[in-house]
Amino acid sequence: MPELPEVETTRRGLAPAVEHRVIRRAVVRHRGLRLPVPRGLEQRLAGTRVTSLSRRGKYLLFACTCGNDKTGTLIVHLGMSGRLWLVDAATPAEKHDHFDLEFDNGSVVRLRDPRRFGLVVWQAGDPFRHALLAAIGPEPLTPAFDGEVLHRETRNRSAPIKLILMNSHVVAGVGNIYANEALFQAGIDPRTAARRLSRARCDALATAIKKTLGLAIDAGGSTLRDYVGSDGRAGYFQNQFLVYGRAGEPCTSCGTTIRELRLAQRATCYCPRCQRR
DNA sequence: CCGACAACCTGTGAGC
DNA sequence: TGCTCACAGGTTGTCG
């Protein structure tokens, strides 16, 4: 399911329902996620108040106060197949519903994740001390990320630029779909050795990343297979894909047939005419 | 440090 | 209908 736009859509949907609310109880049905759900997490969360719901890359951060001025953060990642949505407390949990946060008003934030590549962990105090967040790259939609940063980060790298975009230590939150889309927008062949990109092309690419992610967020994210947002509504950015999943179809810009190849075992779609090395 | 690749896990659709 | 295979929105660890 989720790249940055889907996670941000989830955050926006959940925030009004959870911010300033007290967690009545937490339920863990399966601890075997990418990292084990910590023992005792349920006890730690019961009675704590969520002060804010924010996002860093693809991580959702539930900031909590536990009384006695203690603070901590529930860190949630959705992996490949995770969804986090609001249900009524009476809704029965299904097979892959691994985690619930039940609030004092009876609403429940439920994590469903068939592949279990997601994770739920706790970090006391400053959440950015957690190793998962400490080494993460700049947020793509902020001024901390721009063509200059991208240019600097790519100088010593011969790997294809698409792989660099998907490296969360270089820039946070860009996954396979939006890497494909942004490279098309910028007119760059995804196989181009990163170090060969000029400063001007890095500028264009950074701009394309911001634009693509922004448009996708505006559209409520992308719905592939059965993904729906936290409110049960589907996103619709998938209808605006220009290259992803369009192999064999004509380029929207020049009509050339879109091609697909594999880069690091990931589907890579591009227009051989519009995108150059 | 970099890059290639396997691994984690389940579901789905295509092809036979 | 049922089997096998490839593949799916992510990230990390290992090895050369």
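Let's start with confidence, strand by strand. This is a predicted model. In chain A, strand β1, residues 23–28, has the highest confidence, with a mean of 98. The lowest is in strand β5, residues 83–88, where the mean is 93. For chain A as a whole, the mean pLDDT is 94. And 96% of its residues reach 70 or more.

Now the sheets. Strands of a sheet pair through backbone hydrogen bonds, either parallel or antiparallel. Which order do the strands take in the open sheet that holds β1? Read them off as β1-β6-β7-β5. That makes four strands, with antiparallel pairing. The edge strands are β1 and β5, and each of them pairs on one side only. From one strand to the next, the twist averages 20 degrees.

Look at one pair in there. β5 meets strand β7, residues 107–112, over six bridges, in the antiparallel sense.

Next, another open sheet. Four strands again, this time in the order β2-β3-β4-β8, and the pairing is antiparallel. At the edges sit β2, residues 49–56, and β8, residues 119–124. Each pairs on one side only. Neighbouring strands of this sheet are turned by 20 degrees against each other on average, direction ignored.

What does helix α1 touch on this sheet? Spanning residues 4–18, α1 packs against it and touches β2 and β3. Its direction makes about 165 degrees with that of β2. Elsewhere in the sheet, strand β4, residues 71–77, is joined to β8 by six bridges, and the two run antiparallel. Your landmark here is T73, which stands opposite Q123 in β8.

Last topic: the DNA. Which residues are around DNA strand B? Among them are K95, H96, R115, F117, R157, S158 and Q265. By class, that surface has three nonpolar, three polar and four charged residues.

Which part of the DNA do the close atoms belong to? Of the atoms of DNA strand B within 4 Å of the protein, 59% belong to sugar or phosphate. The rest belong to bases.

An N or O atom in the side chain of R116 is 2.6 Å from a phosphate oxygen of DNA strand B.

Key
Residues numbered from 1 in each chain as written. Chains lettered and ligands numbered in written order. Predicted model: local features only at pLDDT ≥ 70, side-chain atom pairs only at ≥ 80, totals over all residues. Heavy atoms only, no water. pLDDT = per-residue confidence, 0-100. Pairing = 2+ DSSP bridges. Axes fitted to C-alpha atoms, helices over the stretch in contact; angles between N-to-C directions. Contact = heavy atoms within 4.5 Å. Near = heavy atom within 4 Å. Polar contact = N/O pair within 3.5 Å; in protein donor to acceptor, adjacent residues only side chain to side chain. Nonpolar A, V, L, I, M, F, W, Y, C, P; charged D, E, K, R; others polar.
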